[in-house]
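Please keep the sequence and the structure in view while reading.

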Amino acid sequence: MDAIAMPDQGAEDECWLCAILGALVAALAVAVLLKTMLFAQPKFTALPLDETCSLSDGACTVRLPDGGRLEFVLGSQPVPLLKPLKLALRVADSKIRALEVDFTGVNLPMAFNRADLTPQGEDAYSGQAILPLCANGRMEWRATVLLEDGKRQIYVPFRFETGQT
């Protein structure tokens with residue numbers, strides 16, 4: 001008669017140990033993932049609009065989250081339509097860098113209009129945009145400067161008007 005093979009008790013103990021260890025590693029991974037998702041810093045910061053300053057009147061300056069300053073000016077007054085508009089920015093006392101300017105119609109939605117900014121030395125940036133013509137004559141605009149500091153994007157809105165007042 002053949003002897004019945006008995007399962008190896010050591011191998012069975014190792015399987016249970018591996019299963020418990022695998023469950024603990026999975027639980028730890030889920031805990032780390034949840035903590036990262038729940039307590040992660042936002043990927044952007046939106047600064048409030050300064051209603052007291054209009055780019056139609058000249059340069060506007062705002063304080064940045066790191067204590068620096070952003071000065072933004074549109075190159076021509078009155079702001080031209082259907083012609084190149086020069087953009088000039090200066091970021092002082094900050095490691096934040098400027099990327100783009102997004103133009104949005106306030107009183108009338110317009111097509112996507114975003115201008116790239118090019119570094120002009122250590123703390124200056126320039127770009128160019130073309131604003132469309134509005135059939136209503138007068139148009140309220142919001143120009144949002146998109147900045148980044150290596151950890152997040154920072155949105156800085158400015159206002160201005162074009163056309164008849």
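## An aromatic pair in the interior

Phenylalanine 160 is buried, with a relative accessible area of 0%. In this report, buried means under 20% relative accessible area, exposed means over 50%, and partly exposed lies in between, with a 1.4 Å probe and protein chains only. Phenylalanine 103 also counts as buried, at 2% relative accessibility. The ring centres of phenylalanine 103 and phenylalanine 160 are 6.1 Å apart and the ring planes stand at 85°, so the pair is edge-to-face. This pair links distant parts of the chain, since phenylalanine 103 belongs to strand β5 and phenylalanine 160 to strand β9, 57 residues apart. Together with Trp141, the residues Phe103 and Phe160 form one aromatic cluster.

Rings of Phe, Tyr and Trp (its six-membered ring) pair if their centres lie within 6.5 Å; planes under 30 degrees apart count as stacked, over 60 as edge-to-face, and the rest as tilted.

## Basis of the model

The model is predicted: local features need pLDDT of at least 70, side-chain atom pairs count only at pLDDT 80 or more, and totals for chains, interfaces and linings use all residues. Residues are numbered from 1 along each chain as its sequence is written, and side-chain values use heavy atoms, with hydrogens and water left out.

## Overall composition

The protein contains one helix and nine strands, and from the N terminus on its elements run α-β-β-β-β-β-β-β-β-β. Helices (H or I, at least four residues) and strands (E, at least two) are DSSP runs, numbered from the N terminus.

Of the 165 residues in the protein, 31% are buried. The protein exposes about 11100 Å², of which carbon and sulfur atoms supply 59%; accessible areas come from the Shrake-Rupley method with a 1.4 Å probe, and for residues only the protein chains shown count as cover. Among contacts with a separation of 6 or more, 58% join residues 24 or more positions apart, where contact means heavy atoms within 4.5 Å.

## The sheet

Nine strands form an open sheet with mixed pairing, in the order β1-β9-β8-β5-β6-β7-β4-β3-β2. The edge strands, β1 (44-46) and β2 (60-63), each pair on one side only. Neighbouring strands of the sheet are turned by 25° against each other on average, direction ignored. For such angles, axes are lines fitted to C-alpha atoms (for helices over the stretch in contact), and angles run from 0 to 180 degrees between N-to-C directions.

Two strands pair if DSSP finds at least two bridges between them. Strand β5 (residues 97-105) pairs with strand β8 (residues 139-148) in the antiparallel sense over eight bridges, and arginine 97 has glutamate 148 as its bridge partner in β8. Strands β5 and β6 pair in the antiparallel sense over four bridges; here valine 101 has alanine 115 as its partner in β6. Strand β6 (residues 113-119) is joined by three bridges to strand β7 (residues 124-130), and the two run antiparallel. The bridge partner of leucine 117 in β7 is glycine 127.

Asparagine 113 lies in strand β6 and is buried, with a relative accessible area of 14%. Leaving aside residues up to four places away in sequence, asparagine 113 touches Val101, Asp102, Phe103, Ile130, Leu131 and Pro132.

The structure holds one disulfide, defined as a pair of cysteine sulfur atoms within 2.5 Å. This disulfide joins cysteine 53 to cysteine 60, with an S to S distance of 2.0 Å. The torsion about the S-S bond is about -100°, so the disulfide is left-handed. Cysteine 53 is buried at 18% relative accessible area, and cysteine 60 is buried at 1%.

Alanine 59 is found in the loop between β1 and β2 and counts as partly exposed at 43% relative accessibility. Not counting residues up to four places away in sequence, alanine 59 touches Cys53, Glu71, Phe72 and Val73. Alanine 59 and glycine 75 are 16 residues apart in sequence and 9.5 Å apart in space, C-alpha to C-alpha.

The structure holds four aromatic pairs. One of them is formed by phenylalanine 44 and tyrosine 155, whose ring centres are 5.4 Å apart and whose planes lie at 20°, so the pair is stacked. It links distant parts of the chain, with phenylalanine 44 in strand β1 and tyrosine 155 in strand β9 (residues 153-162), 111 residues apart. Phenylalanine 44 is partly exposed at 44% relative accessibility, and tyrosine 155 is partly exposed with a relative accessible area of 27%.
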